[in-house]
Amino acid sequence: MAYLKNKKSGTMTIGVLTSGGDAPGMNAAVRAIVRSGISAGYQVKGIRRGYSGLLDEDIFDMSARSVSDIIQKGGTILYTARCPEMMRPEGQEKAAYILKKHSIDALVVIGGDGSYRGALSLAHQGINVIGIPGTIDLDIACTDYTIGFDTALNTAMEAIDKVRDTSASHERCSIIEVMGRKAGHIALWAGIATGAEEILVTERYDYDEQRIIDSIIEKKKLGKKLHLIINAEGIGDSNGMAKRIEAATGLETRATIIGYMQRGGSPTCRDRVMASAMGAMAIRVLTEGKKNRIIAWKDGQYCDIDIEEALAMKKDLDDNLWDISRKLCR
Ligand code: ADP
Ligand code: F6P
């Protein structure tokens, strides 16, 4: 275990930060890191506002009590930020220097792929980094699960169900835009869960609006009263699409953009438990002396993957779920 000891204090010091878009369950992960770390005999330091706070040296000691009463809270008590300075070599060198100055031996980064790229730059300068997947978008290639996805999805589903009630009452067509600028996982899952006629995601949509219009007219003739279209954020122009569909079909059409409410709120049980397990696993991986790993959930098991390998992986939508969604939307 010699590797685990900080040369100055004799005790391993772990830093933790949250970075990129916040996600419900990040707090549960922070809590698990702090409490498992302390149980293992380590010091834990919180870093506020992701890499931005690291560069500002906004670093503080954490205790078991500093993570009381947060497991049920959305957002992140460590705050989060996007930090352009960290994309440049000078910023990365400064960040590594500050971590060493504060005797931080290992940094746990809760965030997405972008945050891992920042972490990799620190790994190249001798900081041991551990990533935990935290994003509502489910768009991290090395893992089948990301903290926050379940909560965001359930929020989206409940909101869509509500729009569906009013849409059905007025016999309207509804376009509902869910989050996911670059990834359609939320749209796909929410679309299946709410029985949407169309699910438009950047990974699959061919921008053939005429096909959608023809399909609405066809289904209307067959007696279909409700037409639900789920747009992933990356498709854009939901309001414009609503106007065009209304003009072409004669069917009243409204667009609803659910927006940031999907990123907030109390995490679901699944997110709390996955986040707790992943946070605890980050500490276990450090105790085992491993370096530069991403904690993941793959094929029904927790595992850890080399950060460079993780970043080289690619992820697409689940083909099976996509095919199912197409078969069920008649
Ligand atoms: P996410 O972690 O959710 O993918 P971002 O892509 O916004 O979120 O990345 C979060 C932060 O990680 C960025 O603001 C930046 O500070 C850092 N980051 C992103 N990409 C890189 C990169 N290629 N090199 C170094 N740092 C990066
Ligand atoms: O957290 C993920 C996400 O919601 C993406 O779907 C979206 O692209 C992005 O964050 C938007 O975040 P912001 O508006 O904070 O940049």
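A polar contact is a pair of N or O atoms within 3.5 Å; within protein, one atom must be able to donate a hydrogen and the other to accept it, and residues adjacent in sequence count only if both atoms are side-chain atoms. The model is predicted, with local features requiring pLDDT of at least 70, side-chain atom pairs counted only at pLDDT 80 or more, and totals for chains, interfaces and linings using all residues. Residues are numbered from 1 along each chain as its sequence is written, chains are lettered from A and ligands numbered from 1 in the order in which they are written, and side-chain values use heavy atoms, leaving out hydrogens and water.

| Ligand | Residue | Protein atom | Distance to a ligand oxygen |
|---|---|---|---|
| Ligand 1 | Ser-115 | side-chain N or O | 2.5 Å |
| Ligand 1 | Gly-114 | backbone N or O | 3.0 Å |
| Ligand 1 | Asp-113 | backbone N or O | 3.5 Å |
| Ligand 2 | Arg-263 | side-chain N or O | 2.9 Å |
| Ligand 2 | Gly-180 | backbone N or O | 3.0 Å |
| Ligand 2 | Asp-137 | polar side-chain atom | 3.0 Å |

Of the 550 Å² of accessible area that ligand 1 has on its own, the protein covers 77%; for ligand 2, the protein covers 83% of 400 Å². These areas come from the Shrake-Rupley method with a 1.4 Å probe.

Around ligand 1 there are 14 residues, of which the closest are Arg-82, Cys-83, Gly-112, Gly-114 and Ser-115. A residue belongs to such a shell if one of its heavy atoms lies within 4 Å of the molecule. The shell of ligand 2 includes Arg-82, Ile-136, Asp-137, Gly-180, Glu-233 and Arg-263. By class, this shell holds three nonpolar, two polar and five charged residues, where Asp, Glu, Lys and Arg count as charged and Gly is among the polar residues.

The chain is assigned domain 1 (13–148 + 267–312) and domain 2 (150–263), with bounds from an automatic or database domain assignment. Ligand 2 lies between these domains because both give residues to its shell. The domain centres, taken over C-alpha atoms, are 35 Å apart. At the interface, 15 residues of domain 1 are in contact with 12 residues of domain 2, contact meaning heavy atoms within 4.5 Å.
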